Amino acid sequence: MDAIVALCKRRGFIYPSSELYGGINGFWDYGPLGCELKRNVRESWWRTMVRCREDVEGLDATIIMHPAIWKASGHAEGFADPMVDCKACRHRFRADQLCEELGLVLVRTEKGFALPEGAACTHCGSKELTEPRAFNLMFKTFVGPVEDEHAVAYLRPETAQAIFAQFKNILDTSRQSVPFGVAQMGKSFRNEINPRNFTFRSREFEQMELEYFIRPDEAVELIYGTVEALTPGTDLAAPRDNWGWEVWHKYWVEQRKAWYR
Ligand SMILES: [Zn+2]
């Protein structure tokens with residue numbers, strides 16, 4: 001990984017963010033070649049996914065949205081990673097990653113998580129670790145001049161939520177009816193406890209997401225009389241009215257794989 005990071009920097013693809021001031025963990029800048037490469041990927045995705053399709057619309061929503069959206073989606077409560085601290089050397093870990101490194105499995109409990117027998121700090125070897133506690137990954141900020149709980153807002157941790165929140169507006173103002181999709185690309189933010197693996201787990205990153213809305217199988221059966229189930233011989237070339245959800249899912253998996261190739 002270090003060799004790739006060094007190569008990307010040397011060739012002008014990716015630099016550590018704020019490197020002049022010592023860098024900031026989990027943030028990366030795209031240099032002259034990197035930003036062109038990224039732009040090409042974005043444009044190819046948008047062209048294939050939105051422009052060349054009759055059944056997908058685009059959306060470009062804000063990064064900060066009403067905090068109620070994140071309550072409704074479950075992110076305010078549940079979008080958390082279990083975190084543990086070493087009491088001896090103060091090192092902080094993501095509990096699941098620590099267990100993985102030790103060849104152990106994090107224990108699920110009614111309240112959340114517990115460390116398995118034999119867990120120890122991989123930094124100093126101490127077994128004095130705190131219990132895993134939930135750490136919400138959403139970046140918090142305040143909207144307006146008063147920094148109190150009523151002004152709390154979050155930087156979006158994914159681009160999908162705005163698609164759900166604007167679904168009705170898009171349905172009403174486009175010429176679409178289900179089945180159809182809405183795509184969005186843009187910045188998302190996750191306050192990772194332990195950013196690593198270069199740009200694969202960073203705190204600010206670009207996402208490209210499609211939400212594709214289909215009828216439930218029961219409705220397909222009522223309207224078309226049959227529901228096509230997925231078989232090894234299912235023809236996935238073009239969507240058909242009576243596709244069940246499994247066929248739709250397989251179709252999109254194949255569409256994505258074809259794009260990556
Ligand atoms: Zn330690």
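Visitor: How are the donor residues of the zinc ion spaced in sequence?
Guide: The spacing of the zinc donors reads C-x2-C-x31-C-x2-C. Please keep in mind throughout that this is a predicted model.

Visitor: Which residues coordinate the zinc ion, and through which atoms?
Guide: The ion is held by the SG atoms of Cys86, Cys89, Cys121 and Cys124, at 2.3 Å.

Visitor: Why is the arrangement called tetrahedral?
Guide: The four donor atoms subtend angles of 107 to 114° around the zinc ion. Four donors count as tetrahedral if all angles lie between 85 and 135 degrees, so the arrangement qualifies.

Visitor: Changing topic: how many salt bridges does the count come to?
Guide: The count comes to 17 salt bridges. One of the pairs is Asp81 with Arg94, whose side chains meet at 3.7 Å, N to O. This pair links distant parts of the chain, since Asp81 lies in strand β4 (residues 80-85) and Arg94 in strand β5 (residues 92-94), 13 residues apart.

Visitor: Are Asp81 and Arg94 buried or exposed?
Guide: Asp81 is buried, with a relative accessible area of 14%. Arg94 is buried as well, at 8%.

Visitor: Which residues are linked with Asp81 and Arg94 in a network of salt bridges?
Guide: The network also takes in Asp96, Glu192 and Arg201.

Visitor: What about Glu101: which residue does it meet in a salt bridge?
Guide: The partner of Glu101 is Arg196, at 3.5 Å from N to O. Glu101 belongs to helix α5 (residues 95-101), while Arg196 sits in the loop between β11 (180-189) and β12 (204-213), so the pair ties together parts that are 95 residues apart in sequence.

Visitor: How accessible are those two, buried or exposed?
Guide: Glu101 is exposed, with a relative accessible area of 51%. Arg196 is partly exposed, at 28%.

Visitor: And which residue forms a salt bridge with Arg240?
Guide: That residue is Glu228, with the closest N and O atoms 3.0 Å apart. Both Arg240 and Glu228 lie in the loop between α8 (217-224) and α9 (245-260), so the pair ties together parts that are 12 residues apart in sequence. Arg240 is partly exposed, at a relative accessible area of 34%, whereas Glu228 is buried, at 19%.

Visitor: Let us turn to the backbone. Where is there a cis peptide bond?
Guide: The bond from Val178 to Pro179 is cis, with omega near 5°. Pro179 is located in the loop between α7 (167-173) and β11.

Visitor: What value does phi take at Arg90?
Guide: Phi of Arg90 is near 70°, a positive value in a residue other than glycine. Arg90 occurs in the loop between β4 and β5.

Visitor: Is Arg90 buried or exposed?
Guide: Arg90 counts as exposed, at 68% relative accessibility.

Visitor: One last topic, the surface. Which residues make a nonpolar patch?
Guide: Met1, Ile4 and Phe200 make a nonpolar surface patch of about 360 Å². Met1 is in the segment before α1 (2-10), and Met1 is partly exposed, with a relative accessible area of 46%.

Conventions. Residues are numbered from 1 along each chain as its sequence is written. This is a predicted model: local features need pLDDT of at least 70, side-chain atom pairs count only at pLDDT 80 or more; totals for chains, interfaces and linings use all residues. Side-chain values use heavy atoms; hydrogens and water are left out. Patches are made of residues with over 30% relative accessible area and no salt bridge: like charges are joined within 9 Å, nonpolar side chains (Val, Leu, Ile, Met, Phe, Trp, Tyr) within 5 Å. Accessible areas come from the Shrake-Rupley method with a 1.4 Å probe; for residues, only the protein chains shown count as cover. A salt bridge is a side-chain nitrogen of Lys or Arg within 4 Å of a carboxyl oxygen of Asp or Glu. Helices (H or I, at least four residues) and strands (E, at least two) are DSSP runs, numbered from the N terminus. Buried means under 20% relative accessible area, exposed over 50%, partly exposed in between (1.4 Å probe, protein chains only). Donors are N, O and S atoms within 2.8 Å of the metal (3.2 Å for Na, K and Ca); water is not among the atoms, so sites may look incomplete. Four donors count as tetrahedral if all angles lie between 85 and 135 degrees; four count as square planar and six as octahedral if opposite donors are over 155 degrees apart and all others between 65 and 115; anything else is irregular.
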